Amino acid sequence: MPSAPAGTLYRGREGMWSWVAHRVTGVLIFFFLLVHVLDTALVRVSPEAYDAVIGTYKTVIMGLGEAGLVAAIVFHAFNGVRIILVDFWAKGPRYQRTMLWVVVGLFAVTMAGFLPRHLMNVFGGGH
Amino acid sequence: MSTTSTSSPLAAPRDPYKRQKTTRSNYELYSWVFMRASGVVLIVLIFGHLFVNLMVGEGVHAIDFGFVAGKWASPFWQVWDLLMLWLAMIHGTNGVRTIINDYAQRDGTRLVLKSALYLAFVIVTVLGTLVVFTFDPCPPNALDYQLPSFCTA
């Protein structure tokens, strides 16, 4: 298989960067999913084991990580809808760039709803 | 001595074009459809999961053994989480498979990476499924404060 010459940039702009972001967020979410199933599986070991590990999710650093994870999921979800519309809606390809800015707008609104509540839980939280 | 070696013999002049390998299946088509169908369902399942676990009440601070036990006492959340586990694992594994196929150029590298991926898929999916089905919300050795309230009632 021939290798691509170094230093090329496939067309760039919104279409490519949303594709890159979709891959990056997808891989991040997948690796978290593997860890998350394993930590949840500790409920079958004992309540102490589960509570000890889940306790680390309540620290400030992990709380910020959760905010990043939710941001990755929200982008991947909305951009996924955009991909479906590009594939199945007759005018999808024509409006793919517009739809990316709709995705970015919906992302901002969703995170504006999520972040204050979550960060209050993380920083002001009960324990 | 030739500096290049090819495994397949050179085609005769004016041979009609032939694909080297026929896949004989629509596997990639079904995989493409599955990514879109499962993606739509996962948006509902995961947004619901995040809302109930991070936004309601004290958010992440409310999560402990009792919280999980309280949820899985209901078949509704058992089915929800099981469906989420399977769809997310297949969707994610298929996505990473695509990425490996795109970037790993050597056959051996692809084989190793995809073998590791499929092994992780089987272990995590089987483990998660067993946990959902064999979960005991009131294990006998636990202390009362660790358990959901219905265990002691």
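The model is predicted, and the mean pLDDT of chain A is 89, with 89% of its residues scoring at least 70. Chain B has 4 helices and 0 strands, and the contact between the chains takes 35 residues from chain A and 32 residues from chain B.

**Confidence in chain A**

- Among the elements of chain A, the lowest mean pLDDT, 90, belongs to helix 2 of chain A, which covers residues 47-55, while the highest, 95, belongs to helix 3 of chain A, which covers residues 60-88.

**The build of chain B**

- Followed along its sequence, chain B shows the pattern α-α-α-α, and of its 153 residues 16% count as buried.
- Of the contacts in chain B with a separation of 6 or more, 70% come from residues 24 or more positions apart.

**Where the chains touch**

- On the side of chain A that touches chain B, the elements giving two or more residues are helix 1 (13-40), helix 2, helix 3 and helix 4 (96-123) of chain A, and helix 1 of chain A gives the most, with 10 residues.
- Sorted by class, the residues on this side of chain A comprise 19 nonpolar, 9 polar and 7 charged.

**Helix 1 of chain A against helix 4 of chain B**

- Helix 1 of chain A packs against helix 4 of chain B, which spans residues 107-134, at an angle of about 35 degrees and with the two axes 9 Å apart; the crossing of these helices is left-handed.
- From helix 1 of chain A, the residues Leu34(A), Val37(A), Leu38(A) and Thr40(A) take part in this contact, and they meet Ala120(B), Val124(B), Leu127(B), Gly128(B) and Val131(B) in helix 4 of chain B.
- The contact of helix 1 of chain A with helix 4 of chain B has 7 nonpolar and 2 polar residues, and no charged residues.

**The buried face of helix 2 of chain B**

- Helix 2 of chain B runs over residues 65-72, and in this helix Phe65(B), Gly66(B), Val68(B), Ala69(B) and Trp72(B) are buried.
- Seen down the axis of helix 2 of chain B, these buried residues fall within an arc of 160 degrees, so they line one face of the helix.
- The cover over the buried residues of helix 2 of chain B includes helix 2 of chain A, as well as helix 3 (75-103) and helix 4 of chain B.

Note on methods. Residues numbered from 1 in each chain as written. Chains lettered and ligands numbered in written order. Predicted model: local features only at pLDDT ≥ 70, side-chain atom pairs only at ≥ 80, totals over all residues. pLDDT = per-residue confidence, 0-100. Buried ≥ 20, exposed ≤ 12 C-beta atoms within 10 Å, placed from the backbone. Contact = placed C-beta atoms within 7 Å. Nonpolar A, V, L, I, M, F, W, Y, C, P; charged D, E, K, R; others polar. Axes fitted to C-alpha atoms, helices over the stretch in contact; angles between N-to-C directions. Left-handed = near helix turned anticlockwise from the far one by under 90°. Arc of directions from axis to C-beta.
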